[in-house]
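Work through the exercises below with the model open beside you. Try each task before reading its solution.

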Amino acid sequence: MIKIPADRYGNTGWAVKARKAFRCEIYPSRDIQPGEYYYRAMAWPGSDVNPDKGFMVMRICRDCLNDEHRMQFDVAVNSATQRI
Ligand SMILES: [Zn+2]
């Protein structure tokens, strides 16, 4: 799991390697395949995307990230995979 720096909206999360297939929670037509890195977003309670009380976690595929976020995601994943 690789921590991604928060973007200008304060969204934060991790790049995580999928151990099994997941459905992307932004566009469910796009599956996250095993072995692929996906973005695990953390939404704080009471924020725009998460009006509920609990902490919310979303699994988002790389394609659904905005440009700024995708760039940070790629940098994090590349540096992690090159270390191995
Ligand atoms: Zn997606």
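The exercises cover a metal site, a surface patch and the aromatic rings of this predicted model.

**Exercise 1. Find the protein donors of the zinc ion and give their spacing along the chain.**

Solution.
- Step 1: Look for the donor atoms. They are the SG atoms of Cys24, Cys61 and Cys64.
- Step 2: Check the distances. These donors lie 2.1 to 2.2 Å from the zinc ion.
- Step 3: Read the spacing. The donors follow C-x36-C-x2-C along the chain.

**Exercise 2. Decide whether Cys61 is buried or exposed, then classify Cys64.**

Solution.
- Step 1: Recall the cut-offs. Buried means under 20% relative accessible area, exposed means over 50%, and partly exposed is in between.
- Step 2: Take Cys61. Its relative accessibility is 1%, so Cys61 is buried.
- Step 3: Take Cys64. Its relative accessible area is 22%, so Cys64 is partly exposed.

**Exercise 3. Place Phe55 in the chain and on the surface.**

Solution.
- Step 1: Locate the residue. Phe55 sits in the loop between strand E5 (37-43) and strand E6 (56-60).
- Step 2: Classify Phe55. With 43% relative accessibility, it counts as partly exposed.
- Step 3: Find its partners. Phe55 forms a nonpolar surface patch with Trp44 and Val57. Together the three have about 330 Å² of accessible area.

**Exercise 4. Which residues lie over the faces of Trp14 and Phe22, and how many aromatic pairs does the whole structure hold?**

Solution.
- Step 1: Start with Trp14. Lys3 lies over its face, 5.0 Å from the ring centre.
- Step 2: Turn to Phe22. Arg59 lies over its face, 4.0 Å from the ring centre.
- Step 3: Count the pairs. A search of the whole structure finds one aromatic pair.

How values were computed: Residues are numbered from 1 along each chain as its sequence is written. This is a predicted model: local features need pLDDT of at least 70, side-chain atom pairs count only at pLDDT 80 or more; totals for chains, interfaces and linings use all residues. Side-chain values use heavy atoms; hydrogens and water are left out. Patches are made of residues with over 30% relative accessible area and no salt bridge: like charges are joined within 9 Å, nonpolar side chains (Val, Leu, Ile, Met, Phe, Trp, Tyr) within 5 Å. Accessible areas come from the Shrake-Rupley method with a 1.4 Å probe; for residues, only the protein chains shown count as cover. A salt bridge is a side-chain nitrogen of Lys or Arg within 4 Å of a carboxyl oxygen of Asp or Glu. Helices (H or I, at least four residues) and strands (E, at least two) are DSSP runs, numbered from the N terminus. Buried means under 20% relative accessible area, exposed over 50%, partly exposed in between (1.4 Å probe, protein chains only). Donors are N, O and S atoms within 2.8 Å of the metal (3.2 Å for Na, K and Ca); water is not among the atoms, so sites may look incomplete. Rings of Phe, Tyr and Trp (its six-membered ring) pair if their centres lie within 6.5 Å; planes under 30 degrees apart count as stacked, over 60 as edge-to-face and the rest as tilted. A charge sits over a ring if NZ of Lys or CZ of Arg is within 6 Å of the ring centre and within 35 degrees of the ring normal.
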